[in-house]
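Good morning, and thank you for coming. Please take a moment to look at the sequence and the model before we go through them together.

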Amino acid sequence: MRNLDLNLLRVFDAIIRERNVLRAGEAISLSPSAVSHALSRLRALLNDELFVRTVAGMEPTVRALEMAPLVRDALVTIERAVGPAQFNPAVTDRQFCIAATDYMTAVVLPHFLRTISTLAPHASVTVLPASRIDLTTQIDVGRVEIALGSFSSVPSRLSEQVLFEERDMMVVDTVHSLAGSEIGLEALSSLPLMVVSTGGSEDGLLSERGLTRRTEMFDRTALMAAFSSIGKRPKFTIVQPHFLAIPSLLTDTETAAIVPATLAKVFHQSGRAYSSELPWDAPPRAVQMVWHERHTHDPGHEWLRSMLANAVQHVAGMNA
């Protein structure tokens, strides 16, 4: 500890969040050479490479991954000790980082971003794809402050808040042969189906470091049970990861897509697709925001969470 310079830990923290020496330097206002020099000193001090340069960026070693959440916690504690006691959105230049799918970005973030631009005009927001396989690590090291999605298991080091409940609907092209009518189960069973999957196992779940999230935003179990009741199996002809591509992919086809109800209504209201209720009962699922417990009492983060909670009130109204 006598040989440890706190700035070395700031450099370490920046590199593990950015996975890039140049971006890490920009994040903490240091030149790339200064970042490289600090990393060399820390490597010698800890007798570990810490990061290995790859085509994908600076890949952390096992030791670095073990250190990362502890270093982030320590730096947050120090920042709270010496930083401002209160958060003023009107003057803050803080950069917030949120992980969200394109679906969440489309239905949750527009109202939120309009509010942020008015109440915190100097703040900035970075949205990262929630489908990235290292999402949990990004939360642990502080790169992602809040992740939006549906999570079936949340470890004790993370906190969660339910934002709203979502259900399933179907959409077809506006000139589909069944558009404008109620689409029954028999009719649907004859159609090719499109669903969205952002990766993970066949059960539609992906577990990383204790956090389990849904990668399929539809209830596969309810769908399979409904088709089985009439002796049919669904024809999953298109499985793709992009919610907002659905209307384009449905154009001039007989394909039906199962999508979250809020997004189905957005497509319908914009004239990009025809939406219809499902011909079976599918239980609603919770949509949550998840964050690391170290942020729970941070005034800026408390404000961010309150803005997101307020922004989704219109979404809850759409599902009423």
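How are helix 1 and helix 2 oriented to each other? Before I answer, a word on the source: this is a predicted model, in which local features need pLDDT of at least 70, side-chain atom pairs count only at pLDDT 80 or more, and totals for chains, interfaces and linings use all residues. Residues are numbered from 1 along each chain as its sequence is written, and side-chain values use heavy atoms, with hydrogens and water left out.

Now to the answer. Helix 1 and helix 2 (residues 21–28) pack at an angle of about 125°, with their axes 8 Å apart. Axes here are lines fitted to C-alpha atoms, for helices over the stretch in contact, and angles run from 0 to 180 degrees between N-to-C directions. Helix 1 and helix 2 are therefore oblique to each other; angles under 35 degrees count as roughly parallel, over 145 as roughly antiparallel, 65 to 115 as roughly perpendicular and the rest as oblique. On the helix 1 side, Arg10, Val11, Ala14, Ile15 and Glu18 make the contact, and on the helix 2 side Arg23, Ala24, Ala27 and Ile28, where contact means heavy atoms within 4.5 Å. Sorted by class, this contact holds six nonpolar, no polar and three charged residues. Ala, Val, Leu, Ile, Met, Phe, Trp, Tyr, Cys and Pro count as nonpolar, Asp, Glu, Lys and Arg as charged, and the others, Gly among them, as polar.

Helix 1 (residues 6–18) also meets helix 3 (residues 32–46): their axes come within 9 Å and cross at roughly 110°. That makes helix 1 roughly perpendicular to helix 3. Leu8, Val11, Phe12 and Ile15 of helix 1 face Val35, Ala38, Leu39, Arg41 and Leu42 of helix 3 in this contact. Its classes are eight nonpolar, no polar and one charged residues.

Next, two loop residues. Ser29, in the loop between helix 2 and helix 3, has a positive phi of about 60° although it is not a glycine. Is Ser29 buried or exposed? Ser29 is exposed, with a relative accessible area of 69%. Leu50, in the loop between helix 3 and strand 1 (51–54), has a positive phi too, near 70°. Leu50 counts as buried, at 0% relative accessibility. Buried means under 20% relative accessible area, exposed over 50%, and partly exposed in between (1.4 Å probe, protein chains only).

Leu109, His111, Phe112, Thr115, Ile116 and Leu119 of helix 6 meet Trp303, Leu304, Met307, Leu308, Asn310 and Ala311 of helix 12.

Glu186 lies in helix 8 (residues 185–189). Leaving aside residues up to four places away in sequence, Glu186 touches Ile230 and Lys232.

Finally, the whole chain. Its secondary structure comes to 13 helices and 15 strands; helices (H or I, at least four residues) and strands (E, at least two) are DSSP runs, numbered from the N terminus. Of the 320 residues in the chain, 48% are buried. The C-alpha atoms fill a box of roughly 75 × 40 × 35 Å, taken along the principal axes.
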